[in-house]
Amino acid sequence: MTTNPHTDPSGCRWCGITSRDHMQRWKAPVGWHQWTQPTQEQIKNRMQARRAGGTR
């Protein structure tokens, strides 16, 4: 799985959208879902992707 360097580290576990903008979204394979807290590993991977991608 690749991590988008533009994804907020604290974005939804399933789709990466911030809790403020999320409401209810659809994403395969999870389907319709509400914002779900990302795992610590996801947060770490997203932060590393941001650093590697040159974004803050």
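Histidine 33 counts as buried, because its relative accessibility is 6%; buried here means under 20% relative accessible area, exposed over 50% and partly exposed in between, with a 1.4 Å probe and protein chains only. This is a predicted model in which local features need pLDDT of at least 70 and side-chain atom pairs count only at pLDDT 80 or more, while totals for chains, interfaces and linings use all residues. Residues are numbered from 1 along each chain as its sequence is written, and side-chain values use heavy atoms, with hydrogens and water left out.

Strands are DSSP runs of E with at least two residues, helices are runs of H or I with at least four, and both are numbered from the N terminus; two strands pair if DSSP finds at least two bridges between them.

Now follow the side chain of histidine 33. One of its polar atoms lies 3.0 Å from the backbone oxygen of glycine 31, and the side chain also makes a polar contact with that of histidine 22, at 3.2 Å. A polar contact is a pair of N or O atoms within 3.5 Å; within protein, one must be able to donate a hydrogen and the other to accept it, and residues adjacent in sequence count only if both atoms are side-chain atoms.

That brings us to histidine 22, in helix 1 (residues 19-22). Histidine 22 counts as buried because its relative accessibility is 1%.
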